[in-house]
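Trainee: I have this one open for the first time. Can we go through it piece by piece?

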Amino acid sequence: KLLSLNRRYFIEEANAEVAVNEQKRLTTELESHTKELKVDIDDKTVALREKIVELEEATKIKSQFLANMSHEIRTPMNAILGFIQILERTESDNSKLRKFTIIKSAANSLLTIINDILDFSKIESGKLELESLHVNTKKPFKEVAKLFYVKANEKKITITYSFDENLPRFFIGDPVRLKQVISNLLNNAIKFTPNGGKIRMRVECDEFQRELTCKIIDNGVGISAKNLEKIFAAFSQEDDSTTRKYGGTGLGLSISQNLITLMGGTISVESENAQGSIFSFTIPLIEDEFVSKA
C-alpha cells in the first residue's frame with residue numbers, strides 16, 4: 001500500500017510539473033504574440049497618423065483651390081450681371097428684355113452655386129469668421145421674407161411670418177450670415193412646396209434660456225425618415241431624383257448647419273413624406289439689455 005501511495009504521489013508530482021511547464025510555455029507564447037501585436041498596432045497607428053496628415057493637407061489644398069477658383073469666377077460673374085442690368089435699363093424691345101431675363105436668371109443661379117462653394121471652402125478650411133454687430137431682431141427675417149415674395153408668387157405660395165411679443169428689440173450677431181441661413185431654409189421651402197402651398201415663419205424667444213428660435217414650416221413634399229439623418233451632409237440631397245427634379249448643389253443645408261454651429265446654436269428638421277417639413281434653428285441671444293422688447 002505504501003509503494004502504491006508513493007507511486008501515486010510521484011505521478012501527481014510529474015503531472016503537476018508537466019502542467020506548470022505547459023503553463024509557462026503558453027505564457028511565453030502569449031507574451032510573444034502580445035509583443036508582435038503591439039508592434040503591429042504601433043506600426044499601423046503611425047501609418048494611420050501619416051494618412052490623416054496627408055488627408056488634412058489634401059483637404060486644405062482642395063479648399064484653398066476651391067476658394068481661389070470660386071473667387072476668380074465670381075468676379076466676372078458680377079460684372080456680367082452688372083452689364084445685364086445696364087442693358088435692361090436702356091432696352092425697350094420686349095423680345096430682348098425676355099432674353100436678358102433668362103440670361104440674368106441663369107447667371108444668378110451660377111453665382112449662387114459659386115457662393116455656396118466659396119462659403120463651404122471657407123468653412124472647411126476654418127477661415128470663415130462671424131461679425132458681432134447690433135442687429136434689429138426682426139429686420140433680417142422680414143427682409144429675407146420680402147426678397148422671396150416674388151419667387152413664392154410664381155408658384156402662388158403664401159409666405160407669412162410672426163414674432164413672439166417678448167422678442168428683444170436688438171441682439172448682437174452677424175446679420176449677413178443669419179440672413180443667409182434664413183434664405184437657404186426659405187428657398188428650400190419654396191422649392192419643395194407645390195403650387196398654392198403655404199409657408200409660415202415663426203420667430204420665438206426663450207427669455208429664461210436667452211435663446212432665439214426660428215421655425216420655417218411648409219406643407220411641401222416632405223422628407224422620408226431614412227433620409228432625415230443625411231439631409232445636412234455636404235453635397236447631399238434626399239436622393240438622385242431630387243437633384244434632377246429640383247437642382248441645387250446640396251450645400252445649402254450643410255452651410256446653414258455650420259453657420260448656426262459657429263453662432264453657438266443648433267439646427268434640426270422634422271418631416272414625413274408628403275406631410276411637409278419644419279426646419280428649426282436656435283441661436284443664443286447676446287444682448288446689452290435683454291428686458292427691452294421689440
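This is a predicted model: local features need pLDDT of at least 70, side-chain atom pairs count only at pLDDT 80 or more; totals for chains, interfaces and linings use all residues.

Trainee: How many bridges join strand β1 to β3?
Mentor: Strand β1 (residues 133-136) is joined to β3 by 4 bridges, and the two run antiparallel. Two strands count as paired if DSSP finds at least two bridges between them. Strands here are DSSP runs of E with at least two residues, helices are runs of H or I with at least four, and both are numbered from the N terminus.

Trainee: And which residue is the bridge partner of H134?
Mentor: I172, in β3.

Trainee: OK. How many helices and strands does the protein have?
Mentor: There are 7 helices and 7 strands. Starting at the N terminus, the order is α-α-β-α-α-β-β-α-β-β-α-α-β-β. Of the 294 residues, 32% are buried.

Trainee: Now the sheet. What is the strand order?
Mentor: β2-β4-β5-β7-β6, in an open sheet of 5 strands with mixed pairing. The edge strands, each pairing on one side only, are β2 and β6. From one strand to the next the twist averages 15°. Angles run from 0 to 180 degrees between N-to-C directions, and axes are lines fitted to C-alpha atoms, for helices over the stretch in contact.

Trainee: How do β6 and β7 pair?
Mentor: In the antiparallel sense, over 6 bridges. E270 stands opposite I278 of β7.

Trainee: Which strands does α3 touch?
Mentor: α3 packs on the sheet against β2, β4, β5 and β7, and its direction makes about 175° with that of β2. α5 also packs on the sheet, touching β2, β4, β5, β6 and β7. Touching, or contact, means heavy atoms within 4.5 Å.

Trainee: At what angle do α3 and α5 pack?
Mentor: About 40°, with their axes 9 Å apart. The two helices are therefore oblique to each other; angles under 35 degrees count as roughly parallel, over 145 as roughly antiparallel, 65 to 115 as roughly perpendicular, and the rest as oblique. The crossing is right-handed, a term used when the near helix is turned clockwise from the far one by less than a right angle, with anticlockwise being left-handed. The α3 side of the contact is P140, F141, E143, V144 and A145, and the α5 side is L178, K179, I182, S183 and L186.

Trainee: What about α5 and α7?
Mentor: Their axes come within 9 Å and cross at roughly 145°, and that crossing is left-handed. Among the contact residues are V181 and L185 of α5 and L253 and L259 of α7.

Trainee: Which residues of α7 are buried?
Mentor: G252, L253, S254, I255, S256, L259 and I260. Their cover includes α2, α5, β6 and β7. After α7 comes G264, with a positive phi near 85°.

Trainee: How many residues are in the largest nonpolar core?
Mentor: It has 43 residues, and F141 and F281 have the most contacts inside it. A nonpolar core is a set of buried Ala, Val, Leu, Ile, Met, Phe, Trp, Tyr and Cys residues joined through side-chain atoms within 4.5 Å. Helix α5 gives the most to this core, with 7 residues.

Trainee: What is F141 in contact with?
Mentor: Apart from neighbours within four places in sequence, F163, L178, I182, M201, V203, L212, C214 and F281. There is also a second, separate core of 5 residues, M77 and L111 among them.

Trainee: Last one: is D164 buried or exposed?
Mentor: It counts as buried because its relative accessibility is 16%. D164 lies in the loop between β2 and β3, and beyond residues up to four places away in sequence it touches R202, V203, E204 and C205.

Note on methods. Residues are numbered from 1 along each chain as its sequence is written. Side-chain values use heavy atoms; hydrogens and water are left out. Buried means under 20% relative accessible area, exposed over 50%, partly exposed in between (1.4 Å probe, protein chains only).
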